[in-house]
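Student: I have not looked at this model before, and I would like to go through it with you slowly. Could we take it one question at a time?

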Amino acid sequence: RWTGAFSALVVLAILPFASALEALPKAVLGATVISAVVPLLLAPGPLMTLRALVRMRRKDSEDASFKGTRGEVIVAWSTTISVLLAAPRLEQGLLVGGMTAAVR
């Protein structure tokens, strides 16, 4: 897809400037990531937000885009919880979510 190609080009364009971030303390980099992610989690929209995750299986939800099958809800919740518990080894949490999706 074009989105993958575009993302790869952006990463390759930014990669030479990554050494400039090395001098910054980890707290500054962490604050940058948190400030970028929090609006995504709280904003309404098509992204998988925490609100969407909570409302995903509710029958009384007015927004049909948040409804999912029982298997999708299990995969979404298991991935979210495993990533939060596996921090700072996020790849392990994502692996648990991938295995849940494969078993489902």
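Student: What does W77 count as at 33% relative accessibility?
Tutor: This is a predicted model, in which local features need pLDDT of at least 70 and side-chain atom pairs count only at pLDDT 80 or more, while totals for chains, interfaces and linings use all residues. Residues are numbered from 1 along each chain as its sequence is written, and side-chain values use heavy atoms, with hydrogens and water left out. Buried means under 20% relative accessible area and exposed means over 50%, with partly exposed in between (1.4 Å probe, protein chains only). Because W77 has 33% relative accessibility, W77 counts as partly exposed.

Student: In which helix is W77 found, and how far apart are the C-alpha atoms of W77 and G97?
Tutor: W77 is found in helix 4, where helices are DSSP runs of H or I with at least four residues and strands are runs of E with at least two, numbered from the N terminus. Although W77 and G97 are 20 residues apart along the chain, the separation of their C-alpha atoms is 8.6 Å.

Student: How many helices and how many strands are there in the protein?
Tutor: Read along the sequence, the protein follows the pattern α-α-α-α-α. The counts are 5 helices and 0 strands.

Student: Is S82 buried or exposed, and which residues does S82 touch?
Tutor: S82 has its place in helix 4 and is buried, because its relative accessible area is 12%. In space S82 and V96 are 6.7 Å apart, C-alpha to C-alpha, although 14 residues separate them in sequence. Contact means heavy atoms within 4.5 Å. Not counting residues up to four places away in sequence, S82 touches G93, V96 and G97.

Student: What is the count of buried residues in helix 1?
Tutor: Helix 1 (residues 2–14) reaches 18 Å from its first C-alpha to its last, close to the 18 Å expected for its 13 residues. Helix 1 is hardly covered, and among its 13 residues the count of buried residues is 0.

Student: With which residue does R89 form a salt bridge?
Tutor: Side chains of opposite charge can pair when their charged atoms come close. A salt bridge is a side-chain nitrogen of Lys or Arg within 4 Å of a carboxyl oxygen of Asp or Glu, and the structure holds 1 of these. R89 is partly exposed at a relative accessible area of 46%, and E91 is partly exposed at 44%. In this salt bridge the closest N and O atoms are 2.8 Å apart, and the partner of R89 is E91.

Student: Is the peptide bond from A87 to P88 cis or trans?
Tutor: P88 has its place in the loop between helix 4 and helix 5 (90–103). The omega of the peptide bond from A87 to P88 is near 10°, and this bond is cis.

Student: In which helix is confidence lowest?
Tutor: The predictor's confidence in each residue is given as pLDDT, from 0 to 100, and its mean over the protein is 78, with 71% of the residues reaching 70 or more. Where pLDDT is low, the predicted coordinates should not be read in detail. Confidence is highest in helix 5, at 88, whereas the lowest mean, 67, belongs to helix 3 (residues 50–55).

Methods:
Expected span 1.5 Å × (residues − 1).
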